[in-house]
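Please look through the sequence and the 3D structure shown here before reading on.

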Amino acid sequence: MSSTPSGRAVGARDRDSEGRARNARPRDGLGRPLPYGADGVPRQPEGVVRTPEETVTEAQGLLDAGRPFHAHEVFEDAWKSGPEEERGLWRGLAQQAVGLTHAARGNVTGGARLLRRGAGAVREWAADSGVREPYGMDVAGLVAWAEELADAVERGSAGDVDAAERAPRLRGGA
């Protein structure tokens, strides 16, 4: 069996400590895989249980740093580990973060679609729950941000989307 310059066997699969397939390739700030051995950004650990406040704070820091893919992973942890009645909120926020990721990667169709899907999920959650500012987040502002960015991306008026410049403000408006 041949190997790569990093010494990995060609065709070998990365596995976690429990034997599940996991891609260990380094990633860039938008979550794109880089060649083995390249310098990437630190990956978000998966399956971390955070308080909702910690989730919002950590995700905002990642969004501000232009790392929406990684913010999506933080939201995904909240969606999977949080109470059932909040899962729609966190899933919608994760979709919005992935939509921003795709828009920043130049994927117009996927970016706009995920931004709208996330906006719809967050809007639906707020309507069903009656909560307008969960954990200090401006739901209406986040929905408007996602819809406006989706429109701009589709029209081509967003130009090259800089993830940090276009990141939403989770608290205090988008």
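What follows describes a predicted model, moving from the whole chain to single residues.

## The overall fold

The secondary structure of this protein consists of 5 helices and 0 strands, and reading along the sequence gives the pattern α-α-α-α-α. Of the 174 residues in the protein, 43% are buried.

## A cluster of aromatic rings

A search through the whole structure finds 2 aromatic pairs. One of them joins phenylalanine 75 and tryptophan 90, whose rings are stacked, with 6.2 Å from centre to centre and 25 degrees between the planes. This pair links distant parts of the chain, since phenylalanine 75 belongs to helix H2 (residues 68-81) and tryptophan 90 to helix H3 (residues 87-104), with the two residues 15 apart. Phenylalanine 75 has a relative accessible area of 2% and therefore counts as buried, the cut-off being under 20%. Tryptophan 90, with a relative accessible area of 1%, is buried too.

Tryptophan 90 also pairs with tyrosine 135: the ring centres are 6.0 Å apart and the planes lie at 20 degrees, and because planes under 30 degrees apart count as stacked, this pair is stacked. Tyrosine 135 is in the loop between helix H4 (108-129) and helix H5 (139-155), while tryptophan 90 is in helix H3, so the pair ties together parts that are 45 residues apart in sequence. Tyrosine 135 has a relative accessibility of 26% and counts as partly exposed, because that category covers the values between the buried limit of 20% and the exposed limit of 50%. Taken together, the ring pairs link Phe75, Trp90 and Tyr135 into a cluster.

## A charge over a ring

Arginine 25 lies over the face of tyrosine 36, at 5.9 Å from the ring centre.

## How H2 and H3 meet

The axes of H2 and H3 come within 8 Å of each other and cross at roughly 165 degrees. Because angles over 145 degrees count as roughly antiparallel, the two helices are described as roughly antiparallel to each other. Their crossing is left-handed. The residues making this contact include Ala71, His72 and Phe75 of H2, together with Trp90, Ala94 and Ala97 of H3.

Although alanine 97 and alanine 71 are 26 residues apart in sequence, they are 6.5 Å apart in space, as given from C-alpha to C-alpha. If neighbours within four places in sequence are left aside, alanine 97 is in contact with Pro68, Ala71, His72 and Phe75.

How values were computed:
Residues numbered from 1 in each chain as written. Predicted model: local features only at pLDDT ≥ 70, side-chain atom pairs only at ≥ 80, totals over all residues. Heavy atoms only, no water. Phe/Tyr/Trp six-rings, centres within 6.5 Å; stacked < 30°, edge-to-face > 60°. Helix = DSSP H or I, 4+ residues; strand = E, 2+ residues; numbered from the N terminus. Buried < 20%, exposed > 50% of the residue type's maximum accessible area, 1.4 Å probe, protein only. Lys NZ or Arg CZ within 6 Å of the ring centre and 35° of its normal. Axes fitted to C-alpha atoms, helices over the stretch in contact; angles between N-to-C directions. Parallel < 35°, antiparallel > 145°, perpendicular 65-115°, else oblique. Left-handed = near helix turned anticlockwise from the far one by under 90°. Contact = heavy atoms within 4.5 Å.
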